[in-house]
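Colleague: I am new to this structure. Please show me how to read its features, one by one.

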Amino acid sequence: MVSESTHGLGPTGVFLGTFTPKLDDKGRLILPAKFRGRLASGVVMTRGLDRCIFVFPIDEFQQVHDRLRRAPLENKNARDYLRNFLGYASDEIPDKQGRVLLSAPLRAYAGIDREVAVVGLGSRVEIWDAQAWQEYLERGEDDYAQTAAEVFGDM
């Protein structure tokens with residue numbers, strides 16, 4: 001199982017680390033303490049990729065939305081993506097305990113029951129079913145170096 005990281009939103013100003021809270025009986029997630037300040041004014045949660053949930057601070061979501069809304073309506077792939085991305089989106093303001101409700105459709109999409117992994121990915125957070133996150137990490141370990149070469153090239 002993934003252990004709770006000592007990292008978070010530190011001096012870098014980006015979301016870092018992996019945390020493993022549990023959902024309560026109402027489907028609420030307590031956000032990691034280190035993420036709460038950046039997310040306190042509100043979040044947008046939606047279908048991510050690879051069966052996870054994307055969590056954006058409001059200002060970051062607005063930037064993503066600005067890019068998405070430039071997609072041509074005539075493009076079927078763009079329409080399909082927008083339907084999934086925005087159709088499943090919900091905006092939430094964390095309560096005083098730092099809890100947000102994960103909607104039933106988002107939980108179903110990500111296969112989340114109770115055990116989750118909350119992963120800081122710079123400008124956004126991803127929420128995974130804890131077992132799915134472990135499996136993802138194990139599958140990708142062999143390709144990690146190759147992927148780095150493809151992503152970063154000659155940087």
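Modeller: Start with the naming of elements. Helices (H or I, at least four residues) and strands (E, at least two) are DSSP runs, numbered from the N terminus. Arg51, for instance, is placed in the loop between E3 and E4. This is a predicted model, where local features need pLDDT of at least 70, side-chain atom pairs count only at pLDDT 80 or more, and totals for chains, interfaces and linings use all residues. Residues are numbered from 1 along each chain as its sequence is written, and side-chain values use heavy atoms, with hydrogens and water left out.

Colleague: Which residue other than glycine has a phi near 65 degrees, a positive value?

Modeller: Asp50 does. Asp50 is found in the loop between strand E3 (43-47) and strand E4 (53-57). Arg51 is not a glycine, yet its phi is also positive, at about 65 degrees.

Colleague: Is Asp50 buried or exposed?

Modeller: First the rule. Buried means under 20% relative accessible area, exposed means over 50%, and partly exposed is in between (1.4 Å probe, protein chains only). Asp50 has 54% relative accessibility, so it counts as exposed. Now take Ser90, in strand E5 (residues 90-92). Ser90 has a relative accessible area of 16%, so it is buried.

Colleague: Which residues does Ser90 touch, not counting residues up to four places away in sequence?

Modeller: Contact means heavy atoms within 4.5 Å. With that sequence limit, Ser90 touches Val43, Val44, Met45 and Leu106.

Colleague: And what is Leu86 in contact with, leaving aside its neighbours within four places in sequence?

Modeller: Leu86 contacts Thr46, Phe61 and His65. Leu86 belongs to helix H3 (residues 76-87). Its relative accessible area is 32%, so Leu86 is partly exposed. Leu86 and Leu68 are 18 residues apart in sequence, and their C-alpha atoms are 9.8 Å apart in space.

Colleague: How many salt bridges does the count come to?

Modeller: The general idea comes before the number. Side chains of opposite charge can pair when their charged atoms come close. A salt bridge is a side-chain nitrogen of Lys or Arg within 4 Å of a carboxyl oxygen of Asp or Glu. By this rule there are 9 salt bridges. One of them joins the side chains of Arg38 and Asp59, at 2.9 Å from N to O. Arg38 lies in helix H1 (residues 33-39) and Asp59 in helix H2 (residues 58-68), so this pair ties together parts that are 21 residues apart in sequence. Arg38 is partly exposed at 27% relative accessibility. Asp59 is partly exposed as well, at 36%.

Colleague: Which residues are linked in a network of salt bridges?

Modeller: Lys76, Asp80 and Arg83 are. Lys76 pairs with Asp80, their closest N and O atoms being 2.7 Å apart. Both lie in helix H3, 4 residues apart, about one turn of the helix. Arg83 meets Asp80 at 3.3 Å, N to O. Arg83 and Asp80 are 3 residues apart in helix H3, also about one turn. Asp80 is partly exposed at 24% relative accessibility, whereas Arg83 is exposed at 52%.
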